[in-house]
Amino acid sequence: MKKSEQNEKKTVLTGDRPTGRLHLGHYVGSIQNRVKLQEQYKQLLLVADVQALTDNADNPEKVRSNVMEVVLDNLACGIDPTKTTIFIQSMIPEIAELTIFFLNLVTVSRLERNPTVKDEMKQKGFGSSVPAGFLMYPVSQAADILAFKTNLVPVGEDQLPMIEQTNEIVEKFNRFYGKVFEKVEPIISSTPRLRGIDGQAKMGKSLNNAIYLSDTSAVVKEKVSSMYTDQNHLRVEDPGKVDGNPVFDYLTAFDPDRRGLEDLKNNYAKGGVGDVLVKNRLVEVLNSFLSPIRDKRADMEKNMDFVSKIVKDGTEEAREIASSILKDVKRAMKINYF
Ligand code: TRP
């Protein structure tokens with residue numbers, strides 16, 4: 001490919017907070033899109049350690065130890081470091097600079113209305129003592145995105161408010177300082193959000209209801225056996241509910257045998273199909289999906305020097321891009337003194 005063609009490629013960026021290993025919800029919401037998008041676009045993948053610290057300020061060890069876990073999970077799923085630039089957020093000081101500039105373009109009350117932040121505040125029990133850094137993390141996320149003049153962001157639907165916030169910043173920045181940024185577009189996964197194995201609305205690292213990409217087959221079996229199904233489906237003969245039944249949601253997301261799955265759903269709805277049978281199918285489906293991912297992860301774990309080098313090179317490359325974009329930003333803001 002010619003250099004000029006490469007320059008015209010749109011930029012895709014996503015990120016993960018390193019607060020734990022990644023799970024099936026991450027895969028369905030974002031990773032499966034990343035693996036496809038890297039074929040067509042210039043893709044950046046950020047390990048959001050600064051964002052992770054906004055609600056783990058007292059636990060840097062947790063964040064530190066999960067940086068490489070998150071990288072391994074992505075590589076294991078098929079992120080190709082020759083196509084995707086993987087980097088660490090805190091190593092790009094330009095993101096922090098941009099965050100400070102953007103904070104002038106956002107009101108506190110706007111931040112307090114962000115539905116995702118609101119949910120998280122409730123879940124973490126911050127009450128009225130929310131750390132300022134946590135409240136403003138959507139601004140720092142806008143900086144993650146715009147420090148690379150990103151065009152497309154593949155995310156789960158819970159991240160839509162962040163994209164909205166980013167576009168408000170784009171609009172205001174361009175209005176105040178002249179056009180520097182383009183609007184950003186989310187790419188939402190075609191698979192709806194996965195609930196937790198406990199039937200809660202969201203699979204979450206901190207909710208203890210996730211199946212991890214690195215779970216062993218025995219753990220997957222155990223977790224699936226404990227899963228919620230239709231609470232009113234007590235006897236095998238009873239008609240069962242497919243909609244809203246987490247076991248069927250997972251099968252819909254991962255079972256490659258679509259015809260067989262349709263039959264199973266019909267029979268379950270009619271009555272005569274036991275939960276154990278459905279769960280056994282899910283165990284099989286998940287384990288055959290996860291098996292190559294586990295193998296790849298195990299390979300990479302034996303080569304941690306290589307993995308570190310991927311992240312180090314990626315971080316250097318990302319830094320070059322961000323530093324050139326910050327020059328444009330500072331020129332526009334008239335803070336380019338020398
Ligand atoms: N907030 C995202 C999450 O919790 C992680 C993230 C940080 C991100 N920076 C980003 C996602 C930039 C997309 C773009 O999963």
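Strand S1 (11-16), helix H9 (137-146) and strand S4 (152-155) each give at least two residues to the shell around the ligand. Helices here are DSSP runs of H or I with at least four residues, strands are runs of E with at least two, and both are numbered from the N terminus. This is a predicted model, where local features need pLDDT of at least 70, side-chain atom pairs count only at pLDDT 80 or more, and totals for chains, interfaces and linings use all residues. Residues are numbered from 1 along each chain as its sequence is written, and side-chain values use heavy atoms, with hydrogens and water left out.

Let's start with the ligand. It has 13 residues around it, and the closest are Arg17, Gln51, Gln141, Asp144 and Gln159; a residue is near if one of its heavy atoms lies within 4 Å. The shell is made of six nonpolar, five polar and two charged residues.

On its own the ligand exposes 370 Å², and the protein buries 90% of that; the areas are Shrake-Rupley values with a 1.4 Å probe.

Arg17 also turns up over the face of Tyr137, at 4.7 Å from the ring centre. For that label, NZ of Lys or CZ of Arg has to be within 6 Å of the ring centre and within 35 degrees of the ring normal.

Now for the aromatics. Rings of Phe, Tyr and Trp (its six-membered ring) pair if their centres lie within 6.5 Å, with planes under 30 degrees apart called stacked, over 60 edge-to-face and the rest tilted. That rule gives twelve aromatic pairs. Phe102 and Phe173 are edge-to-face because their planes sit at 85°, with ring centres 6.2 Å apart. Phe102 is in helix H5 (residues 93-103) and Phe173 in helix H10 (residues 160-177), so this pair links parts of the chain 71 residues apart. Phe102 is buried at 0% relative accessibility, and Phe173 is buried at 1% (buried is under 20%, exposed over 50%, partly exposed in between; 1.4 Å probe, protein chains only).

Phe176 and Tyr177 are edge-to-face too, with centres 6.0 Å apart and planes at 90°. Phe176 is partly exposed at 45%, as is Tyr177 at 26%.

How values were computed: Nonpolar A, V, L, I, M, F, W, Y, C, P; charged D, E, K, R; others polar.
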